[in-house]
Amino acid sequence: MSSLTETISSPLVDLDESMPQNVVLLHHPTTGKYGCYRYNGIHGLACFTTENAAIRFAEWIDLVGMTCDEVSFDEARQVAKGRPLPVCCLMLLDKLDEPVIHYVR
């Protein structure tokens, strides 16, 4: 099947489902990098509903000094928009195998 006609199996944010008002991002202040994730070929800024979930995810990142920043959903969208391509979405990763995806471009 062509990648243009593939159905994405992960949930997408739509009218029936919304992102939390506040999310936690992983940020490396020294370099300005953020935690990102790739799911089914889609690159997104990783976000979480709890700091504990973010900390567990940070254990997979080979970068010392990551911080957990709680921000509003709108602030997280702006951070995602500011990430270089191929990042194209904000990805709620409370369930790594079923992320909730909010496209920003």
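**A first look at a 105-residue protein**

Hello everyone. Let's start with the surface: the accessible surface of this protein comes to about 6,600 Å², and 51% of that belongs to carbon and sulfur atoms. Accessible areas here come from the Shrake-Rupley method with a 1.4 Å probe, and for residues only the protein chains shown count as cover.

A word on where this comes from. This is a predicted model, in which local features need pLDDT of at least 70 and side-chain atom pairs count only at pLDDT 80 or more, while totals for chains, interfaces and linings use all residues. Residues are numbered from 1 along each chain as its sequence is written, and side-chain values use heavy atoms, with hydrogens and water left out.

Now the layout. The protein has 2 helices and 7 strands, running β-β-β-β-α-β-α-β-β from the N terminus on. Helices (H or I, at least four residues) and strands (E, at least two) are DSSP runs, numbered from the N terminus.

Of the 105 residues, 38% count as buried. Buried means under 20% relative accessible area, exposed over 50%, and partly exposed in between, with a 1.4 Å probe and protein chains only. As for contacts (heavy atoms within 4.5 Å), take those between residues at least 6 apart in sequence: 69% of them join residues at least 24 apart.

Let's turn to the helices. In α1, residues 51-58, the buried residues are Ala-53, Ala-54, Phe-57 and Ala-58. Seen down the axis of α1, they fall within an arc of 140°, so they line one face of the helix. That arc is taken from the directions from the helix axis to the C-beta atoms. These buried residues pack against β1, β3 (36-39), β4 and β5.

Helix α2, residues 73-82, buries Phe-73, Ala-76, Arg-77, Val-79 and Ala-80. Here the arc is 160°, so these residues also line one face of their helix. On the other side of α2, Asp-74 and Gly-82 are exposed. The partners of the buried residues of α2 include β1, β6 (87-92) and β7 (100-103).

Finally, one residue up close. Is His-28 buried or exposed? His-28, in strand β1 (residues 22-28), is buried, with a relative accessible area of 6%. A polar atom of the His-28 side chain lies 2.8 Å from the backbone oxygen of Val-64. Leaving aside neighbours within four places in sequence, His-28 is in contact with Lys-33, Leu-63, Val-64, Gly-65 and Met-66.

Note on methods. A polar contact is a pair of N or O atoms within 3.5 Å; within protein, one must be able to donate a hydrogen and the other to accept it, and residues adjacent in sequence count only if both atoms are side-chain atoms.
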